[in-house]
Amino acid sequence: MIQAINSAMDVMLTRDPDVLVLGEDVGYFGGVFRATEGLQKKHGVKRCFDTPIGEGGIVAVAIGMGAYGLRPIVEIQFADYIYPAFDQIVSEAARLRYRSAGDFTAPMTVRTPYGGGIFGGQTHSQSPEAIFTHVSGLKTVVPSTPYDAKGLLISAIEDNDPVIFLEPKRIYNGPFDGHHDRPVQPWSKHPASDVPDGYYKVPLGKAAVVREGSDVTVLAYGTMVHVALASAEDAGLDAEVIDLRTLLPLDIDTIVKSVEKTGRCVIAHEATRTSGFGAELAALVQENCFYHLEAPIERVTGWDTPYPHAFEWDYFPGPKRVVEAMRRAMEG
Amino acid sequence: MKNRKPLSLHIPEPEARPGEQPDFSGVRVPEAGSVRRPDPDAPDHEIRDLAYSLIRVLDDKGAAVGPWNPRLDPETLRRGLRVMMLTRAYDDRMYRAQRQGKTSFYMKCTGEEACSIAAAFALDRDDMCFPSYRQQGILIARGYPLVTMMCQVYSNELDPLKGRQLPIMYSSKKDSFFTISGNLGTQFPQAVGWAMASAYKGDDRIAASWVGDGTTAEGDFHQALNFASVYRAPVILNVVNNQWAISSFSGIAGGEETTFASRAIGYGLPGLRVDGNDFLAVYAATDWAATRARNNQGATLIELYTYRVEGHSTSDDPSRYRPSDEGKAWPLGDPVERLKKHLIALGEWSEERHEQTHKDVAEEVRAANKEAESHGTLGGDKKPSVKTMFEDVYEDMPWHIRRQRQQMGI
């Protein structure tokens, strides 16, 4: 997936002289996760360069660049470090178009690795997506495969609104089904790892049904898509797994169609439970599919604690918990 | 038992509070013309004294003296004076409108007109300004229609911002005037980013931004200085030190121990400290910094030393925290009076012409207001369609916002 993300930026730097990449360690070194490897060498220092360690400043200058007419791609080294930029994202990037009645806009993509499963402790594991979906004016995108990562990132860069692009870092180098005690799988064995070299887009706002089924609908994104797929096999259930891909704007039609078919719904995310994005999903399913529901909607999430280092696998909502939730949903 | 003195906490306090005599005895005012003017390409480390001095051009007799005299022609000076007078008349009218219940809120820039207007005169018209909420003078200097400004203040049917923004939070890309934010200081590093983009594209336009003394305590202020220094961004970063951040005097922002201009030094930027009530000094300093920026020598921090004569906003009552006659005691005078005196000293102006201009700008404001009010005032029937409330959140309206609009029955 990391090569796909790199390729998306490479393609866009080549196609559009107004695209540039900035962030901590993204230049000569190529980023701590290697997402920008080779981009400075190929496109020059002015197209891909290092910034001071000041996330608020990084996003602020990107907003200024966007207002000028550029399309900056910002890397925030970990989503856990995005909070110093919060004011600039929430009060500025998200609001420019509205408050200036379309006079000024901030076409900007903020890429940031998020999520757990790498023993990163509480400062390298957080899943802050709901904080951004709560903000009108932002789009929030989470890919789960290399193919989608490239296509969605190109769409995000070309979008004229600010996009928070959350990259599930646990699956940068291979899919992860949540069975942490099993051997690591490389992407090369996964069908969605076949990534075209050139330009292509995966549209924002469109979910993907990654497993068709009739028993229960599982709504997931990022790493949890792979956990949900494994859980369906573990449970021996014919689950329909939906990869949301874009959290906002959400593909409500795909969700409604599926829940109307199965009558049961499990929502799975890594983020903490209370006021998590699952709460919004549960409310939407209830509002739109109430008379089709056969059982209460289930949520499988991280616990409402900071992300603990030594208890990673007690915290992470792995297949065991997802299977239990699916079974509860089937009992109703 | 350790034999040490007990520690004591220092809380800065202003010199005078309500009921006390204004006290500006600690304000050091060097003679006009006494501060040297280095070449705009001087290395920052050779001009650090300028961050602790006070660049002044107009002396007490109204003469323009010293190396910073920008030698503006009388016509430009008269235009500058008129824009300052027009801005003041506009402020007075809008303040009254708020008191009459025609709008919710207003902020005057009385006493600080030169800080924005002289700077606007020194910049090119397409240099990009990232103002705070007290630089309405830039828009007026650039000829933005008063009627449109008023329609914004009244949130009426012709409000270009469709009733979405607090009064005075103007925006005009056409006039290179960035949309104003109520969150303090956010525009400072944005201006740096805009300037970086201009340099990236090989453009020749520079950026300028303004914050108040209080806002220098925000992280964004320091981020701006750091990024501006690192990337040598072609930007002018102004601190309008008007002594008061709502009720907190400048010492609370960190102005007690040093000057705001000296913040530049730690970032390797030139810092100029300028008499903000001296139209010519503000013009000259801005011009110096603009020359430097256009020569790819990067950013300049300018502290414009001035005084906020009125309250912070219509929601503020300054008599509760400072002597009510403090403004009159301000040792640097009034920018309108000082430029008027200069023009008269040059033989290019008179009391009669001044009085006539005073009447002219009042009439211009009155006529503009009449027209603006004919398009509605806040709370009246003439306002943008409520349908527009749901627009421009995104380029294309997503389904969930469309559905919410439908729930309103529109």
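Trainee: How do you know that the length of helix H3 of chain A agrees with its number of residues?

Mentor: The expected span is 1.5 Å times one less than the number of residues. Helix H3 of chain A has 14 residues, 55-68, so it should span 20 Å, and its end C-alpha atoms are 20 Å apart, which agrees. By the way, helices here are DSSP runs of H or I with at least four residues, and strands are runs of E with at least two, numbered from the N terminus. This is a predicted model, where local features need pLDDT of at least 70, side-chain atom pairs count only at 80 or more, and totals for chains, interfaces and linings use all residues. Residues are numbered from 1 along each chain as its sequence is written, while chains are lettered from A and ligands numbered from 1 in the order written.

Trainee: Why is Ala281(B) called buried?

Mentor: Buried takes 20 or more other C-beta atoms within 10 Å of a residue's own (12 or fewer is exposed, in between is partly exposed; C-beta atoms are placed from the backbone). Ala281(B) has 32, so it's buried. You'll find Ala281(B) in helix H8 of chain B, residues 279-294.

Trainee: What does Ala281(B) touch, leaving out residues up to four places away in sequence?

Mentor: Its contacts include Ile55(B), Trp68(B) and Asp275(B). Contact just says that the two C-beta atoms, placed from the backbone, lie within 7 Å.

Trainee: What makes H1(B) oblique to H11(B)?

Mentor: Helix H1 (74-99) and helix H11 (351-374) of chain B pack at about 45°, with axes 9 Å apart. Axes are lines fitted to C-alpha atoms, for helices over the stretch in contact, and angles run from 0 to 180 degrees between N-to-C directions. Under 35 degrees is roughly parallel, over 145 roughly antiparallel, 65 to 115 roughly perpendicular, and the rest oblique. That angle makes H1(B) oblique to H11(B).

Trainee: Which residues make that contact?

Mentor: Among them are Arg82(B) and Met85(B) from H1(B), plus Thr357(B) and His358(B) from H11(B).

Trainee: And how many residues of chain B are in contact with chain A?

Mentor: 36 residues of chain B, against 34 residues of chain A. H5(B) gives the most to chain B's side, with 10 residues.
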